[in-house]
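Hi everyone, thanks for making time this morning. Please have a look at the model on the screen, and then I'll walk you through a few spots in it.

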Amino acid sequence: MSVSAEQRATRHIAVALGLTTASALGLAVLYALGGQSQLEGILLALALGGLGYAFVVAARRLLPQGPFTEDREPLASSEADLEGFGSDFDRLYQDAEGEEGSGQALARRRFLLRMFGAAVGAMGLAALFPIASLGPRPGDALFETKWRKGSRVVDEQGKPVKAGDLKVGGVLTVFPEGWVGAADSQTLLIRATDHAITTRPGREDWSPRGYVAYSKICTHAGCPVGLYQHSIQRLLCPCHQSTFEVLTGATPVFGPATRALPQLPLMVDENGDLRAQHDFDQPVGPGFWNRER
Amino acid sequence: MLIRRLARWLDSRLGAARFARTALNKVFPDHWSFMIGEIALYCLVILILTGVYLTFFFVPDSREVVYHGSYAPLRGAHMSAAYQSTLRVSFDVRAGLVMRQIHHWAALIFIGSIIVHMVRIFFTGAFRRPRELNWAVGVTLLLLALANGFTGYSLPDDQLSGTGLRIAYSVLESVPFLGPWMAFLVFGGEFPSDDIISRLFTIHVLIVPALIVGLLSVHLGLLVRQKHTQFRGRGRTERNVVGSKLWPTFTAKTLGLFFFVFAVCAALGGLAQINPVWLYGPFKAQAVSSGSQPDWYIGWLEGALRLMPPWELRVAGFEIPNPFFPGVLLPGVTFAVIYAWPWIEQRFTKDRAEHHLLDRPRDRPVRTGLGVAVLTFYVVLFVAGGDDVIASHFNLSVNDVVYVFRGLVFVLPAVAYYVTYRLCKELSARARLPADELALLARTPEGGYVEVEPGVEEPGVDEPGVDEEDEELSPSS
Amino acid sequence: MLARRLVVAVVVVAPAVLLLAATAFAGPGKVRQAEQPSAEQVERGRQLYLTSCSSCHGAEGEGTSIAPSLIGVGAAAADFQLTTGRMPLTDPNAQAVRKPPAFDRNQIDDIVAYVASLGSGPPIPEVNPDAGSLSEGANLFLNNCAACHSAAGVGGALSYGNDAPDLHHATAEQIAEAIRTGPGQMPVFGPDTFSDHQVNSIVRYVRYLHEPDDPGGFSLGRIGPITEGMVALLIGIPVLLFVCRRIEEAHERASRGGSEST
């Protein structure tokens, strides 16, 4: 490498390190003055970039380039070493005097090793059991929500919803009274029309005054089905685009969901408040192994 | 001077000079693509540095608090302590936001560089004997990186990442027989449960980083023991390594790379806003935003969940619900095949020899074609993961987009295989002769030609290639 | 004679002056339509309606097979559709999208007066965003609006080619009108669902979203992980790969001259 090329390289490196120094000082001043994210990022990038440039130019221009060659030793050990390892390991099977064990001794050794294996295996298994403390057993949790017979329908502020509150084409996220925010009980209240409708046979009295209520938890992967497209009466889940028909009991018509959203049967009480007749008639949310038990 | 005296002081206690000499003289081959793994390594260093800083401010607790910090739109809002501490570090801690953003950008680049590195290893056949073990270690490192990425961005307990957690819970629930029990175990009960944020913290900060550091040491240790592979070239054989010595040149180069990686992460961390959790709001189980997306490296799973038709298995009153197939089965098969690939290839090529010289992808048309096809498959899934954003941006019907992608996910990989295969064949069919049939000629000053021994410096002579029919390669001498 | 003229002048001019003064004192948030539209205005509106709207909506707003009835939709709905340019709609099968309004302010007021006269419906709401609470607005928006319009208000896909639009161009009145009338696919949120104060709060927050604080730098469209991933994969990684190439290429060139063994 010629002297002038070295000189040039040295100059470049000096400038780069100067930039680093200035930027680092700038960072300290910036922090003392209150900081600012964009300037922090830029100054840090300049400081680090200067160092990076310095090292790379040094590697390319100032330090020995080579190329150098190194031989590869064969990876496998020599036969002698392997044999040696084997015989050293087999000391496990020698007796107290270092003699090769008799057939009986070997059998005894093997028996002990098997006992040891059983002991360790049992201990390992036992050690797994505290893991079960990490979570309760599912039990009935997935099969019921907080909705009960007569639960009053309330909005997210806890205010009861009256039968006159929603205009036709309106939608609201509701909960059973006293359980605002209960994840499994989140329900979408829709004023689909202004008169009672039957979404499916057997549900003639579930939708008074055109109010339909469905579990908001998508039956595909659990996202809230928040998109009510009222002019085509569809519910769209934003996560994987499952689409449900509001007027036919939230039947899935597109996307990966295979089951309708469970419907909450509604009624209107003497005060004009909306209430649930009873809990959903099936588990809400995504499927699982024994959902149809 | 001082260094020599220090070295003697240490050596008289450790006897390390001999070992240190070997280390300093280690040769590292020089190709630029061998530095990709180092990009990942340095991203990890940056993640640990910024991550430790963040742990001093983050509160891994789901307990409900009321916000009184400086971000006005959320003042008075109810949120978890975890979310509040994230807002605090973003708005009320000097340099907090840039640290958080550098951390997140470094994570995106970390996983990206791991995958580019893995792809390089695959297409050059660096996973062949004796490096099958290191391949398995590397794939495990990728899985751990994915896990840490997902747990990491779920920690702030914001609306967007919470939606992702709900999906993860449902996928876990969908496992036959054990699903609900596993979901309750991991989360500590029914979704969302009060325990998940603190558990994610333990996983993200302690368990997975410990595993990564441990396996990374094995990964690098194997590399040092087995020495790096190298491309064919003049003077390079199966029996040597040609390149820079560790000290000082390689050290300088790699330190330079470290600072550049850090500089890029710092520039992004300051200039490009990432994961603005204050816009998403605190997580509420009943709320969701349209256009919800996971971080890019989970996109392929998201696309699989979206493209899957509404099929599920129902047998004798039990069911295997829909999310199981794209959410558990697909990644399970994916990673099983990736892990097993060195042995799968050995089975088909019957090549169990040691290889320290790398393939050029064009010389392995079947492997290269398969690799490109599989990559295409996952890229299509990845793009499909954003089908709603694609639809709203290009004014298309999202339903149509889904149908189109369902077709593309099968058609494009097949096309990609065919095109790649033919391209490889075409490129490698250019004048290649077996090495022992080549003669190196030199022009004498009188104008005649004389044969010279291979290995002597001769400017302008191309590297000899190897002509193979498909995958048959005789074991190297 | 002069006295009488003076009296007539005062009687004619004074109300005009007072009216002018009244409109000048109406604060920035108050809306124009406080008085009942005059019969002339309704007639002007009817003429405009017959030219531009009746071919789809019927000669008397009763609707046809390709467009709904406008009887009872109210002033708010008409004002929203006309000021956002959604109406007039050239293709009844496509989703109505925001475009430059086809009419000027006065013409819109006239048509709105006519439509409002067809039947009683939601009036143009009185919006006062500054009277709303930013944090209440954020809470209501995230829980009720973000599902379609996205948390950052950039809009989102609905099914079958529709979408919930980007909110960055919506004025305070348009936001309130949309909330109260549920245009297109949007649901309806009446006064018993959201009070006027809650609407003010939502409007205030949506206006904040027009230009939110972006303390982290370039907002990348506030689309989320997609654009963030694109930056990492299309800028971050290629830049670093380029750096690797630069680090090694000169080195490769420099090292062409023979090799030294260890």
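Between chain A and chain C there are zero salt bridges, a salt bridge being a side-chain nitrogen of Lys or Arg within 4 Å of a carboxyl oxygen of Asp or Glu. What these two chains do have is 12 residue pairs in polar contact, with both residues at pLDDT 80 or more. For a polar contact we want a pair of N or O atoms within 3.5 Å; within protein, one must be able to donate a hydrogen and the other to accept it, and residues adjacent in sequence count only if both atoms are side-chain atoms.

Which parts of chain A supply at least two residues each to the side that touches chain C? They are α2 (37–62), β1 (68–71), β3 (171–176), β6 (227–229), β7 (234–236) and β9 (251–254). Of these, α2(A) gives the most, with five residues. Helices (H or I, at least four residues) and strands (E, at least two) are DSSP runs, numbered from the N terminus.

Before I go on, a word on the source: this is a predicted model, where local features need pLDDT of at least 70, side-chain atom pairs count only at pLDDT 80 or more, and totals for chains, interfaces and linings use all residues. Residues are numbered from 1 along each chain as its sequence is written, chains are lettered from A and ligands numbered from 1 in the order in which they are written, and side-chain values use heavy atoms, with hydrogens and water left out.

Back to the interface: 36 residues of chain A are in contact (heavy atoms within 4.5 Å) with 37 residues of chain C. The buried area is about 2,800 Å², and carbon and sulfur atoms give 50% of that; buried area here is the accessible area (1.4 Å probe) that two parts lose on being put together, summed over both.

Now for some backbone. Most residues other than glycine have a negative phi, and most peptide bonds are trans. In chain B, the bond from B:Phe191 to B:Pro192 is cis, with omega near 0°, and B:Pro192 sits in the loop between α8 (179–187) and α9 (196–226). B:Ser193 is in the loop between α8 and α9 of chain B and has a positive phi of about 65°, although it is not a glycine. Is B:Ser193 buried or exposed? Buried, at a relative accessible area of 15%; the cut-offs are under 20% for buried, over 50% for exposed, and partly exposed in between (1.4 Å probe, protein chains only).
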